[in-house]
Amino acid sequence: MNVRHWQVLCFVAAVITASLLAFPFRRDLIQLYLDSGDITTAASVMEEVLHDDPDNYALLLQAAKINFMLGRPDQAITALEKALRQKPHNLNALRTLAQYREWNVQPMQAANVYERIAEVRPTAEIYRKLVGFYRYFGEREKEYRAIARLIGMTAEEKTEGAPRFIRALAPDLNRLAALELDDESTPYQDFLMQRLFILDERYRLETQEPSGPDVEQFAIWAGELYMATDNLDMGRAFATRLDTARGGATARLALASVLRWNGRYADALPLLTEIRAEQPDNLEVIQTLAQVGRDAGNYEVAAGALEDLSERDPGNSQIRRDLISVYMEGGMFERAVAVLRTFMNTMADAAQYLHAFLNAALFSGSREALEAAAEQSERFDITDPAMLRTRGEIYLALEQAGDAYPLLREVAVKRDGRPDDLSLLIDAAGATDDPALVLDALTLALRYRPDDPAIVRAAADSYNAADRPDKAYGLIRKIVLKTKAPDDARRMLEYAGYTGKAEPVTQAVATVRRLFPDSLQLTELAGEVSLWTRPPAQAYPLFRRAVELTGRDKARIMRMIEVASFSGKASLFRDAVFLARELRPEDRELAFYAAEIHASEGDKVKLADLMRVFAKNIRHNRALLEKWAVYAESAGLNEEAYHLFSQLFEDHPDSSKYRDAKIRLAEYTDRPDVAASLLAPQSDASPRNFDLAMRTGRAFLGAGLPPEALRYFRRAAGIRPADEDAALAMLEAQAAGGDFAKAIEYYETLARKRQLTEEERIFLAEAHVNAGQPERALNLLAEYADATDSQPRGALVLARAMALTGKGRKARRLFRQLARAQANNAEFLILAGSESLYLGMAEIAADMFDRALRLVPGDIRAMKGMAIAYADYGQEHRAERAFRSYLKKYPGDADAHLRLAELYGRIGKPSLALRQSKTAERLLAEQKRATQFRKP
């Protein structure tokens with residue numbers, strides 16, 4: 001047999017094909033087992049197949065189904081998740097996975113799957129699912145966004161075919177959803193959208209019920225939501241849409257009720273007024289308007305509505321009573337009187353309106369109404385105590401206290417002495433001006449209520465009104481001890497004061513201080529009442545206590561000081577002022593009182609401290625500034641007084657008083673240049689005034705201007721040619737200008753005529769020294785070597801002469817003696833220090849300046865002189881510290897900066913030397929500019 005190879009191959013292929021057709025694959029067996037109900041075997045085969053092909057998409061879906069059927073949800077979810085990684089947008093697989101997650105109680109994971117579905121194909125069904133999940137998890141922001149999208153998807157469901165409530169709600173839901181989707185909503189708007197959406201959904205559900213939804217109830221719920229989220233305008237628009245669609249005013253009335261229940265009367269009234277204008281015959285609207293108007297306190301609106309109802313239903317007694325009540329509550333007493341008058345004259349049951357009529361007339365204050373009420377009351381036999389009382393009050397209002405009293409007495413007796421009845425009875429008795437009735441009322445009141453504070457108070461007031469303050473005081477004091485009431489204590493103090501006797505006042509004050517030690521009002525009143533009958537010194541502790549209770553109250557502090565001054569006792573005034581200063585240390589007026597005390601006690605230190613703190617920046621108060629200035633000068637505080645009078649003169653340049661004070665104090669405080677600048681114009685204006693010319697010349701001489709001084713001294717000599725003082729002053733000016741020869745000639749000529757005075761001899765010796773003739777000064781001043789105590793100036797000139805004639809050792813010894821002898825004279829020590837420094841005795845100069853600084857810390861001359869002295873005799877580090885201390889206090893001294901720069905250069909600190917030099921250059925440039933632009 002001839003068999004070819006291709007025939008064999010064809011045969012094998014045919015056999016294989018037949019086998020495949022006759023016997024299924026294993027994956028096909030899975031479905032066969034499922035169809036036969038053998039799920040377990042199907043699962044077993046599935047596991048084998050998946051083992052060989054684990055990523056097969058179809059097998060994974062079938063595996064998920066089988067595992068779920070076998071109650072293995074976790075394996076089912078795992079298979080689905082693996083399949084979805086291959087086809088993540090398979091909606092059927094996603095829905096199945098979401099269901100498996102829900103059935104496996106995995107809501108969070110289920111929500112995540114629904115979010116994936118919403119990304120692929122957003123539908124209303126999916127977003128409803130998401131809204132439920134977000135609400136369950138409390139994820140508000142996600143819920144709001146899902147609701148907003150759901151509202152947009154269901155917009156077509158709210159068209160004409162939808163229920164009217166749904167249609168009315170739709171514009172607000174759409175608007176709120178749009179705001180949320182545009183990220184422009186507020187938390188309140190999102191909350192409102194959520195709640196309205198829930199309301200919308202609930203309404204849809206109830207439409208499927210046989211009874212249907214209660215539209216009014218739903219309108220109330222909607223109104224509450226609009227109100228709670230402060231969206232009333234939106235709520236009114238919704239209610240209007242719903243009422244327009246349905247007819248009537250149900251929705252707006254529901255909103256008005258919601259507003260009323262929540263006390264939003266001001267919002268409810270306009271709404272009701274609008275409805276009433278549309279539906280004037282709607283009784284429900286009118287009744288609601290009356291209720292809301294009354295609740296809101298808008299009695300005009302309430303009265304108008306009730307008047308309308310009364311006209312429509314005149315026989316309705318409840319409406320009449322409500323109308324009268326509104327009139328009375330709203331203070332519309334005349335309208336109440338008018339209506340009640342009609343009732344009294346027309347109604348068969350007029351008696352039931354009598355009490356209301358009496359009250360309306362009483363509150364109206366109209367005499368005509370009161371008289372009409374009194375007349376009407378006489379028609380009836382009144383036995384009711386309340387009505388009797390009102391009738392009695394009407395007689396009191398008509399000033400017929402005699403007619404009122406028996407009625408009110410009857411009331412008091414009938415009601416067993418009720419406190420308010422007894423008080424009114426006492427008032428009525430007082431109004432009669434009949435002492436017998438007053439006594440009767442008080443007796444009756446105290447019989448019923450002997451321990452009743454209110455009655456005893458009324459009795460005390462009546463006794464006081466009857467000019468019996470002693471009796472009133474006795475009664476009220478018992479009440480104070482019992483009740484310890486502040487108002488009773490106030491009465492007690494006043495009644496005690498009205499007695500005009502010191503004993504009850506003292507007793508009342510003691511009672512108040514014991515019972516009410518911390519009561520400001522009672523303490524103050526006790527103080528004032530004490531002043532009525534007792535000396536101010538006894539009242540002062542009360543005013544002091546009032547200040548302690550308030551602390552910083554200025555008015556009470558000033559009253560305390562005033563009372564202390566009334567007492568005439570300096571110790572009390574001092575105590576008051578220093579307590580005030582302790583409480584208000586910044587107060588300028590109180591500081592001035594303290595200054596008065598310090599000035600009277602001669603305490604210059606404390607007065608100066610006050611000056612430095614308070615006598616500044618008060619230019620707005622001329623009188624107070626002048627007082628401070630006068631006190632400063634009278635206390636010898638010339639520096640402070642100078643600055644204060646300078647301020648006054650600057651602000652009031654035409655005041656000769658302030659000008660003269662400034663000149664005087666400029667002389668006292670060594671400001672001759674200031675004195676000269678003010679004196680010169682006066683002397684020029686009065687050229688024949690000898691004293692003024694001399695004074696001006698001395699000022700110029702002190703200011704270091706000898707030529708100017710000589711001009712005014714010559715003027716004085718011209719006025720009085722024989723005056724020796726004028727001649728000496730001219731010589732002194734010439735000497736100060738460097739012309740010592742004339743001074744020497746004058747004094748030597750004078751010495752030949754008479755013996756020179758001590759001052760003249762010292763002046764002549766000083767002229768010899770200044771003229772370069774120190775040897776002649778030695779002969780004139782030899783005796784002053786031992787006069788360092790009695791004549792320090794002569795000894796100083798002698799020391800200069802010694803130093804200049806080569807007697808340095810003697811000069812040094814004399815300078816040291818002067819330092820010891822004048823140890824408490826700061827000015828002399830500074831002068832002697834300057835002289836010794838000039839003469840090259842730097843060590844002695846430093847000692848002089850150091851002694852001066854102990855007496856006057858911070859003196860500018862002594863600080864700078866000591867620094868220079870240290871530098872001159874080689875104490876560089878001490879000099880550096882001294883210069884730095886000086887410049888810290890007086891940083892504007894260019895010369896000191898230059899000297900410190902030179903010192904730094906000597907001790908090898910070039911960078912610091914450069915810095916000081918630059919500072920000095922800057923200051924000198926500033927001084928130059930200031931000189932160029934200074935006012936003449």
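Biologist: Let's start with D670: buried or exposed, and with what relative accessible area?
Modeller: Keep in mind that this is a predicted model, where local features need pLDDT of at least 70, side-chain atom pairs count only at pLDDT 80 or more, and totals for chains, interfaces and linings use all residues. Numbering runs from 1 along each chain as its sequence is written, and side-chain values use heavy atoms, without hydrogens or water. D670 is exposed (over 50% relative accessible area; buried is under 20%, partly exposed in between; 1.4 Å probe, protein chains only). Its relative accessible area is 60%.

Biologist: And what phi does D670 have?
Modeller: D670 sits in the loop between α38 (656-668) and α39 (672-685); helices are DSSP runs of H or I, at least four residues, numbered from the N terminus. Most residues other than glycine have a negative phi. D670 isn't a glycine, yet its phi is positive, at about 60°.

Biologist: Which loop holds K484?
Modeller: K484 is another non-glycine with a positive phi, about 55°. With a relative accessible area of 45%, K484 is partly exposed. Its loop lies between α27 (469-483) and α28 (486-498).

Biologist: Zooming out, how many helices and strands does the protein chain have?
Modeller: The chain runs to 936 residues, 44% of them buried. As for secondary structure, the count is 53 helices and zero strands.

Biologist: At what angle do α16 and α17 pack?
Modeller: Helix α16 (residues 283-296) and helix α17 (residues 299-312) have axes 7 Å apart. Residues in contact (heavy atoms within 4.5 Å) include L283, I286 and L289 from α16, and V301, A305 and L309 from α17. By class, 10 are nonpolar, two polar and three charged. The packing angle, taken between N-to-C directions on a 0 to 180 degrees scale, is about 145°.

Note on methods
Helices (H or I, at least four residues) and strands (E, at least two) are DSSP runs, numbered from the N terminus. Ala, Val, Leu, Ile, Met, Phe, Trp, Tyr, Cys and Pro count as nonpolar, Asp, Glu, Lys and Arg as charged, and the others, Gly among them, as polar.
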